[in-house]
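Biologist: Could you take me through this one and show me where each label comes from? I'd like to see the values set against the cut-offs.

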Amino acid sequence: MLTTALPRLDERIQRLESRLVREHDGVPPSLVHEWVARAHARFGDARVRDFVPLLVERAVRLSVRSFVSSDVPEMCGTWLSDWARNTARRLLADELPRRWAHTAGVARRAQQVARVLPVEERELLVAAAWVHDIGYAAELVDTGLHSLDGARYLQRAGLDRRVCGLVAHHSGASAVAELTGQAAGLAEFGDERGRLRDALWYADMTTSPDGHPTTVEERLAEIRRRRGPEDPVVRALAINVEERLAAVRRIHRLLRRTYATR
Ligand SMILES: [Fe+2]
């Protein structure tokens, strides 16, 4: 009897989505995810089930092409973002190459999502993305809370106050500070709420440790796996996971709207 070893359709679609996310580094993964879900819903009833992934792939590639060709002005390097990139490279590239790869991926993602921000905030986002993890560099480690150590370094360097605050509080750092007794230190820096902050969290939460695009769900699962249950960052997820997801969702909605109006 002929037995089929083909994976179930849902698995094939999931694999297809992962491949499309990997292939299209220039497109936010949350949009790819949405396009896959939409096409799957549209073609899921196709008479020949084997064709469904093919139809989904073709529809998603059309959306990708349209997104990539939309006329987003390229952001030129300016003093602030150049300084941030060079500083991150100096502190991370040799000592922590994986962290540097992640950083470059976050900065790429920040450039892609900057379109949802007013022009004057785009460079702040890209600069913050470059320096958001510099606090991991041995030269900067002081309290051990990387976001705080990074922000203090930037403050000493005289960097824009908003960039310092964004770095200090990125991706749920406040909850980690609460758990590690460093809330007072972190409170030295303002925690602005709004799109700029959301966009940095989005870029960080949709970039893997190696700098590849990922979904927020995969990223959270990876953080739990890599750090283990006792790590303060993982324990803090009990407090801030909803806040992280909400920030990603808000930026996703803005991206979708921005894209839809083009
Ligand atoms: Fe990061």
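**Labels and their cut-offs**

Modeller: Let's start with Val233, which sits in helix α13 (residues 232–260). A helix here is a DSSP run of H or I with at least four residues, a strand is an E run of at least two, and both are numbered from the N terminus. Keep in mind that this is a predicted model, where local features need pLDDT of at least 70, side-chain atom pairs count only at pLDDT 80 or more, and totals for chains, interfaces and linings use all residues. Residue numbers run from 1 along each chain as its sequence is written.

Biologist: Why does Val233 count as buried?

Modeller: A residue is buried if 20 or more other C-beta atoms lie within 10 Å of its own, exposed if 12 or fewer, and partly exposed in between, with C-beta atoms placed from the backbone. Val233 has 20 C-beta neighbours inside 10 Å, so it counts as buried.

Biologist: What does Val233 touch, leaving out residues up to four places away in sequence?

Modeller: Val176, Ile223 and Arg227. Touching means that the two C-beta atoms, placed from the backbone, lie within 7 Å. Gly172 is 61 residues from Val233 in sequence, and their C-alphas are 8.6 Å apart in space.

Biologist: And Ser171, buried or exposed?

Modeller: Ser171 has 25 C-beta neighbours inside 10 Å, so it is buried. Ser171 lies in the loop between α8 and α9.

Biologist: What is the phi of Ser171?

Modeller: Positive, about 50 degrees, although Ser171 is not a glycine. Most residues other than glycine have a negative phi. There's also Gly158, which follows α7 and has a positive phi near 80 degrees.

Biologist: How many residues of α6 are buried?

Modeller: Ten of 13, and α6 is mostly covered. Among the buried ones are Arg122, Glu123 and Trp130. The buried residues of α6 pack against α4 (79–92), α5, α7 (146–156), α8 and α11.

Biologist: Why are α6 and α8 called oblique?

Modeller: The axes of α6 (residues 119–131) and α8 (residues 161–168) come within 9 Å and cross at roughly 45 degrees. Axes are lines fitted to C-alpha atoms, for helices over the stretch in contact, and angles run from 0 to 180 degrees between N-to-C directions. Under 35 degrees counts as roughly parallel, over 145 as roughly antiparallel, 65 to 115 as roughly perpendicular and the rest as oblique. The α6 and α8 pair is therefore oblique.

Biologist: Which residues make that contact?

Modeller: Leu124, Ala127, Ala128 and Val131 come from α6, and Arg162, Val163, Leu166 and Val167 from α8. By class, that's seven nonpolar, no polar and one charged. Ala, Val, Leu, Ile, Met, Phe, Trp, Tyr, Cys and Pro count as nonpolar, Asp, Glu, Lys and Arg as charged, and the others, Gly among them, as polar.

Biologist: What about α5 and α11, at what angle do they cross?

Modeller: Roughly 135 degrees, with the axes of α5 (residues 97–113) and α11 (residues 195–205) coming within 8 Å. That makes α5 oblique to α11. Val106, Arg109, Ala110 and Val113 in α5 meet Ala199, Leu200, Tyr202, Ala203 and Asp204 in α11. The contact of α5 with α11 has seven nonpolar, no polar and two charged residues.

Biologist: Which hand is the crossing of α5 and α11?

Modeller: Right-handed. A crossing gets that name if the near helix is turned clockwise from the far one by less than a right angle, and left-handed if anticlockwise. The crossing of α6 and α8 is right-handed, and α1 passes α2 in a right-handed crossing.

Biologist: How do the domains sit?

Modeller: The assignment, which is automatic or from a database, gives domain 1 (9–69) and domain 2 (79–260). Their C-alpha centres lie 28 Å apart. Eleven residues from domain 1 and 14 residues from domain 2 take part in the contact. On the domain 1 side, α1 (9–23) and α2 (29–43) each supply at least two residues, and α2 gives the most, with five.
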